[in-house]
Amino acid sequence: MSLVRTVAGLAGTEKLGRQLAACLPRQMTVGLVGTLGAGKTFFVQSVAAELGVDREEVVSPTFVLCHHYQGRVPIFHLDSYRIKDPEEFVALGIEEYFEADGITFIEWSDRIVGLLPSDYLRIQIDAISEVNRQFNFTASGPKSAEILNCLAASTVD
Ligand SMILES: Nc1ncnc2c1ncn2[C@@H]1O[C@H](COP(=O)(O)OP(=O)(O)OP(=O)(O)O)[C@@H](O)[C@H]1O
Ligand SMILES: [Mg+2]
């Protein structure tokens with residue numbers, strides 16, 4: 001199951017982030033895919049802000065294993081950009097995050113796709129112009145499908 005949304009500018013991404021936040025259950029893994037500068041971190045900031053985290057607190061986790069923010073629910077923010085071998089992530093106990101209480105975001109999730117839970121929300125972000133982005137949401141199980149149903153029902157404007 002999938003859903004496509006095109007947004008205009010940072011405000012459009014922020015709004016989509018708010019809509020997704022309103023649809024997230026307490027426990028979920030969200031994988032983000034897209035080239036450098038596609039807007040993965042900006043989107044995580046937008047969702048986390050709606051979940052009660054100061055958006056300045058949300059910074060790229062490229063050089064650390066994981067950021068933890070405390071919003072209305074725990075939020076974990078991972079990045080596998082620098083991971084050369086998924087086994088490195090396993091050795092660090094990364095799989096525990098995917099079962100942790102809270103929302104786990106992982107940038108560059110396709111690099112460790114074999115480690116992800118079977119039911120997770122995949123979000124591919126593509127830049128279609130300097131400021132416009134296309135979001136492709138894909139559900140891989142009932143829990144993520146429910147999020148997409150909710151998102152599909154939320155108003156576009
Ligand atoms: N509609 C938009 N949504 C998100 N970012 C946008 C948008 N329009 C322009 N941008 C710009 O694109 C950049 C996105 O940067 P961001 O760090 O979020 O990307 P990223 O995908 O996390 O990159 P990286 O792979 O380096 O982690 C920012 O400079 C942001 O201002
Ligand atoms: Mg990033």
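Trainee: Which residue just after H2 takes a positive phi?

Mentor: This is a predicted model, in which local features need pLDDT of at least 70, side-chain atom pairs count only at pLDDT 80 or more, and totals for chains, interfaces and linings use all residues. Residues are numbered from 1 along each chain as written, chains are lettered from A and ligands numbered from 1 in written order, and side-chain values use heavy atoms, without hydrogens and water. Helices (H or I, at least four residues) and strands (E, at least two) are DSSP runs numbered from the N terminus. Just after H2, the phi is about 95 degrees at Gly52.

Trainee: How many of the 11 residues of H2 are buried?

Mentor: Buried means under 20% relative accessible area with a 1.4 Å probe, protein chains only. Those of H2 include Lys40, Phe43 and Val47, and they pack against H1, S2, strand S4 (74-79), S5, S6 and S7. H2 is largely enclosed by the rest of the structure, because its buried residues number eight.

Trainee: Which residues coordinate the magnesium ion (ligand 2)?

Mentor: Donors are N, O and S atoms within 2.8 Å of the metal (3.2 Å for Na, K and Ca); water is not among the atoms, so the site may look incomplete. At 2.1 to 2.2 Å, the ion has OG1 and OE donors, from Thr41 and Glu107. The pair lies 66 residues apart, in helix H2 (residues 40-50) and strand S5 (residues 103-107).

Definitions and conventions:
Buried means under 20% relative accessible area, exposed over 50%, partly exposed in between (1.4 Å probe, protein chains only). Contact means heavy atoms within 4.5 Å.
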